[in-house]
Amino acid sequence: MRRLLLAATCLALPCLAGGFPFLNAARAAEPQITILDDHDPGMKLGTVRFPGGKTLELTVGIGSAAYRRPGDAADIVYTMSDRGPNFTCAEGVKITGLAIGKLCAPDEKGRVYPVPSYSPTIYGVMLDPAAKRFRVFEAIAIKGQDGQPVTGLTNPLPGRTETPIDAEGKKLDFNPSALDAEGLFRAPDGSFWIGEENAPSIVHIGADGRVLRRYVPAGGTKGELAGARYEVADTLPAILAKRQSNRGIESLTGTPDGSALYAMVQNPLANPDAAAFRKVKNTRLLRFDPATGKVTGEWVYQLEDPRSFRLDPSENQSAPRISEMTWLGPDRLLVLERTDGTTKLFEVKLNDGATDIAGSKWDDPQTRPTLEQGNDLSGTGVTPLRKRLVLDTADHKDLPVKLEGMAVLPDDTLLLVNDDDFGISGERTRIVLVRGLGLNAGK
């Protein structure tokens, strides 16, 4: 990896001079799509052998989030991995060839981490549309204040998380410093902000990768993370702790000046229980003030009918989820809503009649019925965000599945990148450049 990074850095300036050859072309009636691939052997993560089972060849996954900071070079974008290679014990039967009782003897409902030492990492990526390639030139591992990398294992959240298990079927320790990194924003000062699924939380990270502060729900989460190797502040609404396991904050973006961040819970909260998560469409979009660490706005976003995802329709309302957002302009966001096989992009406007519920009874865990106990909001005084469909990948079947990263490039070009799950299923990371969506970003 070090050889790869140094080589890419040395080649940066010639690449910048070339620019994007297709960005000045006339807009077509249909979106213009360019797909970039990477086949560099430096992106291999290594081999994992499951005793008595299969051997996995893992690759570096960089596609869980993406962001391009305005003013940066046109062909530079930052992306991020998530917590590292992982899969549920149920999924692991097919992946490893082992019986679930052997693979996950400590807890058959647990989650397997084949490389438990992996540290969530932010990547600098250089785009080369002319060659239809991309390459990584920088890797910033996320670290504690002591400079030691954090892992992506589960936090000690009793009753709200999964048991971590290694490739030998042994139970791993919960880790209060661990982060399941997802949404990404780079502030003007070079620091990073990420969305995080475990707590869930919003995390501020220095330019060198050290965690500066992690913001978690009030009401007890801070105590559960005692021993974390960085500062933890419990300033988020307590109700967010009711997130369904593995469905926390997966999307985060911000205004270019860094004065406001936006984060969304991936699915409806398990409020009052998991039945609500499984049946309801109402999830929560938050506006966060980095200066105070507090939520300053909150809106209801309603997920789509799962039967409308044409490449993999389902009757399961929890199949659609929010995996990314990006800022388009004042009070305008682009939201990436997906299933395993289909991705839809929607524009939402915060000033288009939706109700700001921040600090209302809907943030009180004692409110009944809860916001998550019914899709029909009439009579509640709550108007959800209106949505405008911008792109449906069912109309472009050559695009990769599990698109999770999204960023706006110059000349109204949108970048999408897939989460390849570290090559567990044989997928590789691909970057998609889409032009002609009429985003009018920045306006």
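Reader: How far apart are the mean positions of the positive and negative charges of the protein?

Author: This is a predicted model, in which local features need pLDDT of at least 70 and side-chain atom pairs count only at pLDDT 80 or more, while totals for chains, interfaces and linings use all residues. Residues are numbered from 1 along each chain as its sequence is written, and side-chain values use heavy atoms, with hydrogens and water left out. Lys and Arg count as positive and Asp and Glu as negative, His and the chain ends not being counted; each charge is placed at NZ of Lys, CZ of Arg, CG of Asp or CD of Glu. With 53 positive and 57 negative charges, the separation of the mean positions is 1 Å.

Reader: What is the radius of gyration of the protein?

Author: The secondary structure comprises 6 helices and 26 strands, taken as DSSP runs numbered from the N terminus (helices H or I, at least four residues; strands E, at least two). The globule rule, 2.2 Å times the number of residues to the power 0.38, is compared with a radius taken over C-alpha atoms. For 443 residues the rule gives 22 Å, and the protein is close to this, so it is as compact as a globular protein of that length, with a radius of gyration of 21 Å.

Reader: In which strand is isoleucine 431 found, and is this residue buried or exposed?

Author: Buried means under 20% relative accessible area, exposed over 50%, and partly exposed in between (1.4 Å probe, protein chains only). Isoleucine 431 has a relative accessible area of 0%. Its contacts (heavy atoms within 4.5 Å) include Thr34, Val125, Phe134 and Leu416, residues up to four places away in sequence not being counted. Isoleucine 431 is therefore buried, and its strand, covering residues 430–435, is β26.

Reader: What is the phi of phenylalanine 422?

Author: Phenylalanine 422 lies in the loop between β25 (413–418) and β26. The residue is buried, with a relative accessible area of 2%. Most residues other than glycine have a negative phi. Phenylalanine 422 is not a glycine, yet its phi is positive, at about 60 degrees.
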